[in-house]
Amino acid sequence: MKGRGQNKGKEQKVQERKKLLIRIKRHKMLYLFILPCIVWLLIFCYAPMGGVVLAFKNYRYDRGIFGSEWAGLKHFRAFWISPEFWSVFRNTVVISGLKTVFCFPAPIILALLLNEVRAPRFKRWVQTLSYLPNFVSWAVVVQLMTAIFTPYGGVFNEIRKSMGLDPIFLMGEPGAFYPLVILSDIWKGVGWGSIVYLAAISSVDQELYEAATIDGANRWQCTWHVTLPGISATIGLLFIMSFGGILNAGYDQILLLQQPPNYQISKILDTYIIHTGINYGKFEYASAIGLFKSVFSMILVVLTNHLVKKYAEIGLW
Amino acid sequence: MRETRGQKVFKVFNYTFLSLLGLATFYPFWYVLIASFNEGRDFQKGGVWLIPRVFTLENYSRALQDDAIFRSLGISVSATLLSMLISLIFTALAAYALYVKTLPGRTFFTFFWYFTTLFGGGMIPYYMVLRGLGLTKSFWLYIFPSIYSFYNFVLLRTNFETVPYELRESAQLDGAGEVTILARIYIPLSKPILATLTLFNAVGKWNDWFTGAYYQSRAALYPAATVLQRLLMEATASNRVQTEQEMVMRDMHTMRTYTPMSMQMAFVMILTMPVVVVYPFLQKYFVKGVMVGSVKG
């Protein structure tokens, strides 16, 4: 009795395995479809992940990454005790913090203002124009800024001259660095960012507005008590998600606006990694900083993903 | 409903503000456009704000005669077109395979891919891999590493899921192979989303200056955006306020009518024009792209 039961179990397993093999065989074409993708993932995503052991090694060209000697946490310690650590970490958090404070609400405000426009043509024009900068490279944006701020015929200095002030090159002034980063980021992203809020606004129930108007609410009260609560879920979601990227202060923008006079306040984790690693060849040291950043970011992303899920279920407001 | 005074004031403020915003977006482009059509030396005197004062096409001809610029434009065009095509084909293949629910290991492969969006080795190990493969000395640097993106894959697979599954089954009963099903049913039914992905990819590739600047070691293989960035870096170094004497000295040396700056303005316009041309096509798909993007995060 017992033996037969076991046999039956075994037979079942064998049969299941056979079925699986048949299923796999039947789908062999599809495996061929994803094969390049798996190879690609292994090369361009998983191999660099393995490459993080570099952060724990004393790299020697002749021995390669895996043949080099272990260095323990030497490179991490070197970064943590270096005076660079705090300024780099501080700059990163300050810049992305400033962006959260100024660049995050900007598209919300724009969407609310656009929503009040009753002339469809005008609205479409403003939208079309404001989306455009999203599609040009940061290299072009910074080039446009240079054209405007150059002391040689640039419009900014022409205005200064007409007011009797001496020409300056604003982009070389350390004091102007953060404002320029924030303003150019808003300029480039505000229109694009407003799309998602406009979509959220358009999905607010129209009957709520009618009910509010009947109750005597004016336009301002409608915005404050109907529109804003209506899109608060979207705002909250995007706000939480932005925390996952707190260590990403936007390196391509920063790299282009970075200049020797503002270096002390403009070097962020990513630019520091690029400079020490790629430009100066301190691979292990830069990998260690990169690993520190990756781990920190991953924890934040997992945490915020978790929060988003929870939040989407309960709906805080 | 009659408007109160406060509402009127707000309306005036709102329209003014939005007009100014539109202008602030438009003006920098316009300013560079007129600068690119104005004689460079004349532009430096200042006062060219609205239209070119001394009209010329010299900046454009000089920019296109510059070997580095001309070559880089060729590289950008070929990188953009080739990467568009290759990404499209391979993403469609992968998305289709992982769309088929009966595929053993489907969940595992998807997670295998998803995980790479959570954790990466960082820039330096990535750079070492590129270098190890010899890509840092090759044109293929702009093609291979950017074939796939998890985001595009999810977008496409989600779109495939809107196609009734029975369509695939009945085609299979009729004896169609996977390639035929994908090419005859799923691709034609996903044309809008494929167009969107491809256009967004193309714009991204065209604008990417970073890959060239930090991962490419051969200057002859720089794409246009990287060459622009290099010129920008040189220009900022010379853009500090110079003394009167220095300026006179510089002007005496160069008797030409264009300046490096005016040539760069023409280059900026050459780089921006293709984007402005595809822009209306992109705009059609904005909302869809952004919505899915924000859901994915």
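How many helices and strands are there in chain B? The count is 15 helices and zero strands, taking helices as DSSP runs of H or I with at least four residues and strands as E runs of at least two, numbered from the N terminus. Bear in mind that this is a predicted model, where local features need pLDDT of at least 70, side-chain atom pairs count only at pLDDT 80 or more, and totals for chains, interfaces and linings use all residues. Residues are numbered from 1 along each chain as its sequence is written, with chains lettered from A and ligands numbered from 1 in the order in which they are written.

Of the 297 residues in chain B, 34% are buried, meaning that 20 or more other C-beta atoms, placed from the backbone, lie within 10 Å of the residue's own. Now take contacts, i.e. residue pairs whose C-beta atoms, placed from the backbone, lie within 7 Å. Among those in chain B with a separation of 6 or more, 74% join residues 24 or more positions apart.

For a closer look, pick helix 4 (residues 67-97) and helix 7 (residues 150-160) of chain B: their axes, lines fitted to C-alpha atoms over the stretch in contact, come within 9 Å. They cross at roughly 55°, with angles running from 0 to 180 degrees between N-to-C directions. Helix 4 of chain B brings B:Thr91, B:Ala92, B:Ala94, B:Ala95 and B:Tyr96 to the contact, while helix 7 of chain B supplies residues including B:Phe153 and B:Arg157.

Finally, the two chains meet through 79 residues from chain A and 81 residues from chain B. On the chain A side, helix 2 (residues 28-50) gives the most, with 14 residues.

Note on methods:
Buried ≥ 20, exposed ≤ 12 C-beta atoms within 10 Å, placed from the backbone.
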